[in-house]
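Open your viewer and get the selection tool ready. We will go from charged pairs to the sheet and then into the core.

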Amino acid sequence: MAVRKLSLDDFLEEEHYALIGIHCVIEDYRLAFLINKILDINLKRKLDDVTNPSLKTAYSIYEWVDQKQLTTYHLVANTCKVQHNNLEQLSNSLFGEDTAGANHYYLLPEYKKVNYLLKIETEFQNKEKNILNKILKIPQVVTAYSIAVDTLKSKDNLIFN
């Protein structure tokens, strides 16, 4: 009797998308407005942020689905600041000392300097360069560049559905 071995890789296709890293210091809603204006799209804030319950982080996300061109755009913040308050009793102090601070978490830890990520899900490969050139024309954007998705270690963080 012959044994047939099936692999899940034969049935599952990887999602095709382009990823652009954006460096800028403006707020997410302002960047979404400027991208909407220059790319003639309509990014809107989703009701639910991208969350990681174990780290208690939430990353803002904007989305637009272009039905005509079969393209989905996601603009997501790469950084999240979580405030914490710790009461520490110092061994050489008579009184406890309050320390407040913040921890920074990143959606893509490999790119800690990137402020925002623009994920473009499409079947067309040539759109990315055109979009990148338009984003670079925004005066508030310091720089933007394509990120190679194949080399990412944390590409599972980019699944937003």
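A salt bridge here is a side-chain nitrogen of Lys or Arg within 4 Å of a carboxyl oxygen of Asp or Glu. This is a predicted model, where local features need pLDDT of at least 70, side-chain atom pairs count only at pLDDT 80 or more, and totals for chains, interfaces and linings use all residues. Residues are numbered from 1 along each chain as its sequence is written, and side-chain values use heavy atoms, with hydrogens and water left out.

**Stop 1: charged pairs**

Select lysine 46 and glutamate 63: their side chains form a salt bridge, at 3.9 Å from N to O. Lysine 46 sits in the loop between S2 and strand S3 (50-52) and glutamate 63 in strand S5, so this pair ties together parts 17 residues apart in sequence. (Strands, E, at least two residues, and helices, H or I, at least four, are DSSP runs numbered from the N terminus.)

Next, pick aspartate 28 and arginine 45, another salt bridge, with the closest N and O atoms 3.8 Å apart. Aspartate 28 is in helix H1 and arginine 45 in strand S2. Is aspartate 28 buried or exposed? With a relative accessible area of 13%, aspartate 28 is buried, while arginine 45 is partly exposed at 41%. Buried means under 20% relative accessible area, exposed over 50% and partly exposed in between, using a 1.4 Å probe and protein chains only.

**Stop 2**

Switch to cartoon view and follow six strands in an open sheet, ordered S2-S5-S6-S9-S1-S10 with antiparallel pairing. Two strands pair if DSSP finds at least two bridges between them. Strand S2 (44-45) and S10 stand at the edges with a single partner strand each, so one side of each has no neighbour in the sheet. Zoom in on S6 and S9, which are joined by six bridges; threonine 72 has glutamate 121 in S9 as its bridge partner.

**Stop 3: the core**

Now select leucine 75 in strand S6, which counts as buried at 1% relative accessibility. Among the residues that leucine 75 touches, beyond four places in sequence, are Ile22, Leu31, Ile35 and Leu118; contact means heavy atoms within 4.5 Å.

Finally, color the largest nonpolar core, which has 25 residues. Such a core is a set of buried Ala, Val, Leu, Ile, Met, Phe, Trp, Tyr and Cys residues joined through side-chain atoms within 4.5 Å. H1 gives the most to this core, with five residues.
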